[in-house]
Amino acid sequence: MSWSLHLPLNNPHAAAPHSSLTSRPANYFAACLNVDTRAPDSDQSKPLKDKRSSEIIADEKKFIVGTYARAPVVLESGKGCKLYDVEGREYLDLTSGIAVNALGHGDSDWLRALAQQAEVLAHVSNVYYSVPQVELAKRLVASSFADRVFFCNSGTEANEAAIKFSRKFQRHSNPDKTDPSMEFIAFSNCFHGRTMGALALTSKEHYRTPFQPVMPGVTFLEYGDTQAAVEKIQSGKVAAVFVEPIQGEGGIYSSTKEFLQSLRTACDKAGCLLVFDEVQCGLGRTGYLWAHEAYNVYPDIMTLAKPLAGGLPIGAVLVTEQVAAAIEYGDHGSTFAGNPLVSSAAITVLDKISDPSFLASVTEKGQYFKDLLVSSIGGNSHVKEIRGFGLIIGIDLDVSASPLVEACQQSGLLVLTAGKGNVVRIVPPLIISKEEVEKAVGILKKCFHVLDEATST
Ligand SMILES: Cc1ncc(COP(=O)(O)O)c(C=O)c1O
């Protein structure tokens, strides 16, 4: 199928199809995308579907609470690893909606599962049973260390549930203790979410400070500092240790087997739970179904979200039987969680990604991507390190990555930042082709000069 078929031809403002964004004059996109943040109100009588990017952006600024510093791109459609904006410009997507669209945009099996389920039953509350939810739970259990699953709607909710389950587990396992272990350990550069509990476990002070007081009793330790973690766990006050086997938002830092194994051993000795947050790194992104399989260390609880339903909101908490035994009716719940529509989508995603040949292709493409990055930009004076594995890759720079991210966007390539803004984060759909990898690296390489320009001014 030709990509041009997927251009938004129904959009009256769609530009003529073009194969290469880079064939446009250098200032073309800057002019198109340059949005005055004080833009006057756009014509409110005009239907939104007939508006250009600049008008939609102006409306967003007027009607939506300003929590996002968005890139000035209004996306309208997508297919595979390609996205198209309302003017018909094509982008190669290395962001996957922040590690969500693992099967790319518009996967035909995913669409079929959604359509079939939507026709039959989209939502029932958790007052009743439904087949897709039970089926999804069965498959998650069969494919992991876990015995049971709790469903929710996002990554932060999954961590929020893991916090509650950990505390309940401690109370349940120590019925005679007057002050059971209720504290938590989290690590430098970690990100666990933005609701009050998960926020308390998130290391960036900038996220927490405006909302203090957050949940007390969290100790932040250096990611990888085994001795400090073991000492704190031995204090006997810790309900659970929250750790990402690979940190995404924090800058694509991988754990070591020794670190995770030491946490496991110390937790076992102290009766403390080990929680792996695989919201970003889980479900095939590393080339392993679960990132912790790369280290052969297993948690008591694993939190999942982003890619699980291929773009629909879902979260899941996978737990051992011991943890599940502490939870009673009414301890936690959610209206939307695991409804038939989202569960059917997730069954399709899980089935496709857990196929060993799919996982092998992620490993192979990830290695190819990293090798190509090393050979083409590894020698650039701004590149400190290229790290990660599978299709979660970080390019650590000695300067802010923003000018590079912007230049790539103007050349038709979407990438994210991470860490303190100095890391280019690459988390493409797992179905990316080798040709798309080559194209992406070509654009990145061509855009690198903007870092010299940015540092010389
Ligand atoms: C590791 C990790 N945990 C939790 C979250 C929070 O997920 P959500 O944005 O779905 O609440 C994120 C989001 O980026 C994440 O990367």
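## Strands β14 and β17

Strands β14 (residues 392-397) and β17 (residues 423-426) pair in the antiparallel sense, over four bridges. Strands here are DSSP runs of E with at least two residues, helices are runs of H or I with at least four, and both are numbered from the N terminus. Two strands pair if DSSP finds at least two bridges between them. Asp396 has Val423 of β17 as its bridge partner.

This is a predicted model: local features need pLDDT of at least 70, side-chain atom pairs count only at pLDDT 80 or more, and totals for chains, interfaces and linings use all residues. Residues are numbered from 1 along each chain as its sequence is written.

## The four-stranded sheet

An open sheet of four strands runs in the order β13-β14-β17-β16, with antiparallel pairing. β13 (383-389) and β16 (416-418) stand at the edges. Each has a single partner strand, so one side of each lacks a neighbour in the sheet. Direction ignored, neighbouring strands of this sheet are turned by 25 degrees against each other on average. The axes are lines fitted to C-alpha atoms.

## Helix α2

Which residues of helix α2 (residues 53-63) are buried? They are Ser53, Ile57 and Ala58. Buried means 20 or more other C-beta atoms within 10 Å of the residue's own; exposed means 12 or fewer, partly exposed in between, with C-beta atoms placed from the backbone.

The buried residues of α2 pack against β2 (82-85). Contact requires C-beta atoms, placed from the backbone, within 7 Å. On the other side of α2, Lys62 and Phe63 are exposed.

## Around the ligand

The ligand is surrounded by 15 residues. The closest are Ser154, Gly155, Thr156, Val279 and Gln280. A residue counts as near if its C-beta atom, placed from the backbone, lies within 6 Å. Helix α6 (residues 155-173) gives the most to this shell, with three residues.

Most residues other than glycine have a negative phi, and most peptide bonds are trans. Ser96 has a positive phi of about 50 degrees. Ala99 has a positive phi of about 60 degrees. Ser96 is buried, with 27 other C-beta atoms within 10 Å. Ala99 is buried, with 27 such atoms within 10 Å.

The peptide bond from Gln212 to Pro213 is cis, with omega near 0 degrees. Pro213 sits in the loop between α8 (205-208) and β6 (218-221).

Note on methods: Contact = placed C-beta atoms within 7 Å. Axes fitted to C-alpha atoms, helices over the stretch in contact; angles between N-to-C directions.
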